[in-house]
Amino acid sequence: MKKTEMAVEGKSKPVLLVATPQRLIAIDMSKLKINRYESPDFDVLPLPVFNMLNLAEKDFPFGMGCFVRDSKLYMVGGEKPQPGASPQLYPRQPRTAGHDQLFGDKGLSPYVYVLDLTALDSTTDLDLRKHHTSMLAAKPIPIVEEIEGKIYVLSGTPWQAQEERVLPVPTFEVYDPSIEQWKSLPEPPFHAEHWPGSQIFDVIHHSVVGTTLYVLAASDHDNRDYYYSYNVNDGNWTLLGKSVDELPVPYPFTPLFVGKFVPAYSDIFIYISHTSRLCAAMIPSNDKSPTRYQRLDEVDGDLENRDVPSIKGVVVELGEHEMCIMQPGITDSEHDKLGPCCSILYITTFKVEKLRHSSSPAQARGLKLLETADASDVSQTSSHHDNDVQDIRAPFLSITCLSKGFYDLDAWGPEAPHICSAFFHQLREKNQEPIFSLFLRTGNT
């Protein structure tokens, strides 16, 4: 499907659909403005939510994964709290709270639910219905990624511990939308070998580069992180090692980062660093040239200066040149106006354009680069990637801020401000095709 620019005057309403572990939230993007902040004690605006589906209250599973296909939103997997457990506080309850044993596979969900986005009122109804197909096995908190037209779903780590400590098999499978069939895939080492035994692995982060899925899994046996890869072409899992340096990809593509390519440019990658800074990378077309980096100071300054402890954010495509970043966070005890432990969300939208190779001082004015001394925003722990940082010499992007601001999360309720996935949906006139852009969990595609 061809993407167009976000704004189609008089014919559309831009919407951000955000999936949390227990909610589907529709945000009116036309109400996002450029907000300016003069002091650390800043006011926040109400998040412009015009509709919200509480999945827990409507008896849907908690923590489903999402993907979009053929103008439909699919939500898969998840887990169901035991009867009597508070769905609002489910993830904050002790991990022994347990599951509803009568739902799915002992409380874990193999089911697929679908929301039709082709209707003009799709975001006002949010009519989520069970699909006629189900996965081969239940998958709690699943990782979901589309690779070469197929949907890959990997079991995550359940919010609530299971008595048997065994995940339903297969823990990894693929969905072919063209024939509407699920197929089991080789068991990943961190699930197949360790869940039935004494060593338990938590799936922490993941990313996708080309046809390869990278997974960061943590062992509770030796408190070490391990990196794995799975290539869809050869169908094999590989243990890469304990260090991010052992991944054969540029640092922003590793599971430590969250990002997306700008649709207009195959070499420009917008990402959130592991220190929660907003950055861009220019990926070289050959292995001999270094990766170049640039801080997005036009949209990152307020986020950096407010110093709000951040939770994993998301990057969303809005059009050929337009991007959106959502970064949730929780205020600390020193914030006078908001108070301690207040959940907020920073949202910025911006336009990305390449500068000409012979950039003049006027073109480069106002663009802040990642200095070598500030390399922690790109790589401080990686000797393998340090050469990438040292070649920074000139800005390569012009960033035009379209909106930025901090918003309260009353619509989240007591739920922690965790975003499972988010995508752009443009409501259009009848008989016009909607536009979609999807970011799935923490993957880089």
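## Surface and burial

The protein chain has an accessible surface of about 18900 Å², and carbon and sulfur atoms account for 47% of it. Accessible areas here follow the Shrake-Rupley method with a 1.4 Å probe, and for residues only the protein chains shown count as cover. The structure is a predicted model, in which local features need pLDDT of at least 70, side-chain atom pairs count only at pLDDT 80 or more, and totals for chains, interfaces and linings use all residues. Residues are numbered from 1 along each chain as its sequence is written, and side-chain values use heavy atoms, with hydrogens and water left out.

Of the 445 residues in the protein chain, 58% are buried. Buried means under 20% relative accessible area, exposed means over 50%, and partly exposed lies in between (1.4 Å probe, protein chains only).

## Fold and contacts

The protein chain has five helices and 26 strands. Helices (H or I, at least four residues) and strands (E, at least two) are DSSP runs, numbered from the N terminus.

A contact means heavy atoms within 4.5 Å. Among contacts in the protein chain with a separation of 6 or more, 62% join residues 24 or more positions apart.

## Aromatic rings

Rings of Phe, Tyr and Trp (its six-membered ring) pair if their centres lie within 6.5 Å; planes under 30 degrees apart count as stacked, over 60 as edge-to-face and the rest as tilted. The count by this rule is 19 aromatic pairs. Y37 and F406 form an edge-to-face pair, because their ring centres are 5.3 Å apart and their planes stand at 75 degrees. This pair links distant parts of the chain, 369 residues apart: Y37 is in the loop between β2 (23-28) and β3 (45-46), and F406 is in strand β24 (residues 397-408). Y37 and F406 are both buried.

The pair of F67 and Y74 is stacked, with 4.8 Å from centre to centre and 5 degrees between the planes. F67 is buried at a relative accessible area of 1%, and Y74 is buried at 8%. Ring pairs also join Y152, F172, F190, Y228, Y230 and W237 into a cluster.

## Salt bridges

Side chains of opposite charge can pair when their charged atoms come close. A salt bridge is a side-chain nitrogen of Lys or Arg within 4 Å of a carboxyl oxygen of Asp or Glu. The structure holds seven salt bridges. One of them joins the side chains of D59 and K80 (2.8 Å, N to O). D59 is in the loop between β4 (49-54) and β5 (65-69), and K80 is in the loop between β6 (72-76) and β7 (111-116), 21 residues apart. K80 is buried, with a relative accessible area of 9%.

R69 and E146 also form a salt bridge, with their closest N and O atoms 2.8 Å apart. R69 belongs to strand β5 and E146 to strand β9 (residues 143-147), 77 residues apart. Both count as partly exposed: R69 at 23% relative accessibility and E146 at 33%. A further salt bridge joins the side chains of E173 and K139 (2.3 Å, N to O). E173 is in strand β11 (residues 172-176) and K139 is in the loop between β8 (129-134) and β9, so this pair ties together parts 34 residues apart in sequence. E173 and K139 are both buried.
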